[in-house]
Amino acid sequence: MQAFSVEQGLVVPLDRANVDTDAIIPKQFLKSIKRSGFGPNLFDEWRYLDLGEPGESCADRPVNEDFVLNQQRYQGATILLARENFGCGSSREHAVWAIEDYGIRVIIAPSFADIFFSNTSKNGILAIKLDEEIVHSLFNVVERTKGFELSVDLDKQTISLPSGEVISFDIDPFKKHCLLNGLDDIGLTLQHADEIEQYEKVRKQQAPWLFS
């Protein structure tokens, strides 16, 4: 998993509440478990005017010009600004994979669905909860400012605006540690690889029939 430190990036606003995981990555794309290749189908039903299918190239598909991800001013955005209850619906981890594969490193919203929120930090995405009034003010400034960027510093737990204003955010210390060090569940386990190997050697001597 890619470690997270500081993200200075363009902000794309998704001005919708209760965005569910089926909207983030529709069900027909859940057959793969490779964790990659989902970016082109992020928000597929909103982004394109036809029905997307797994394995289909998106290069020649008709796009919805009104959807924010298709607007030129937001191309290359790495910070997603959203409304309340983002990531609700089914628990599919593919939703986070699609967001990460697209290039989003930070999601800012008033609230997130619990399972989606847990999955973000396990896949290198920093999900930040801010007061609804602050999020609303950010939507306003993004709308009127072309090329609006934020600088998000995980270690300092701050969001810096071009105006010089700094917004602080809270994060669980364990999630912060994992993100800063690029540790997913497998990475955390491998930190104890020597102890695991030693245990297996001893266990093999104690109960060799388990290893036959």
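## Basis

Residues are numbered from 1 along each chain as its sequence is written, and side-chain values use heavy atoms, with hydrogens and water left out. Because the model is predicted, local features need pLDDT of at least 70 and side-chain atom pairs count only at pLDDT 80 or more, while totals for chains, interfaces and linings use all residues.

## Overall fold

The protein chain has eight helices and seven strands; these are DSSP runs, numbered from the N terminus (helices: H or I, at least four residues; strands: E, at least two). Along the principal axes, the C-alpha atoms of the chain fill a box of roughly 70 × 45 × 25 Å.

Of the 212 residues in the chain, 47% are buried. Buried means under 20% relative accessible area, exposed over 50%, and partly exposed in between (1.4 Å probe, protein chains only). Among contacts (heavy atoms within 4.5 Å) between residues at least 6 apart in sequence, 65% join residues at least 24 apart.

## Helix 5

Helix 5 covers residues 132–144, and its 13 residues should span 18 Å at 1.5 Å a residue; the end C-alpha atoms are 19 Å apart, which agrees. The expected span is 1.5 Å times one less than the number of residues.

The buried residues of helix 5 are V135, L138, F139, V141 and V142. An α-helix has 3.6 residues a turn, so residues three or four places apart point the same way. The buried residues of helix 5 pack against strand 1 (6–14), strand 2 (79–82) and strand 3 (106–109).

## Salt bridges

The whole structure holds four salt bridges, each defined as a side-chain nitrogen of Lys or Arg within 4 Å of a carboxyl oxygen of Asp or Glu. One of them joins D15 and R83, with the closest N and O atoms 2.6 Å apart. D15 lies in the loop between strand 1 and helix 1 (21–24) and R83 in the loop between strand 2 and helix 3 (94–102), so the pair ties together parts that are 68 residues apart in sequence. D15 is exposed at 52% relative accessibility, whereas R83 is buried at 13%.

D44, D50 and R61 are linked in a network of salt bridges. Between D44 and R61 the closest N and O atoms are 2.8 Å apart. This pair links distant parts of the chain, with D44 in helix 2 (residues 44–47) and R61 in the loop between helix 2 and strand 2, 17 residues apart. The side chains of D50 and R61 meet at 2.9 Å, N to O. D44 is buried, with a relative accessible area of 1%, and R61 is buried at 6%, while D50 is partly exposed at 28%.

## Cavity

One cavity of 30 Å³ or more is found in the whole structure. A cavity is a set of points, on a 1 Å grid over the protein atoms alone, where a 1.4 Å probe fits but cannot get out; lining residues have an atom within 4 Å of a point. The largest cavity holds about 30 Å³ of space, the volume being that filled by probe spheres set on the points, which are joined across faces, edges and corners.

The largest cavity is lined by L10, V11, R73, Y74, V142, T145, K146, G147 and F148. By class, this lining has five nonpolar, two polar and two charged residues. Ala, Val, Leu, Ile, Met, Phe, Trp, Tyr, Cys and Pro count as nonpolar, Asp, Glu, Lys and Arg as charged, and the others, Gly among them, as polar.

Technical notes. On a 1 Å grid over the protein atoms alone, a cavity is a set of points where a 1.4 Å probe fits but cannot get out, and a pocket is an open set with protein on both sides within 12 Å along at least five of seven lines; lining residues have an atom within 4 Å of a point.
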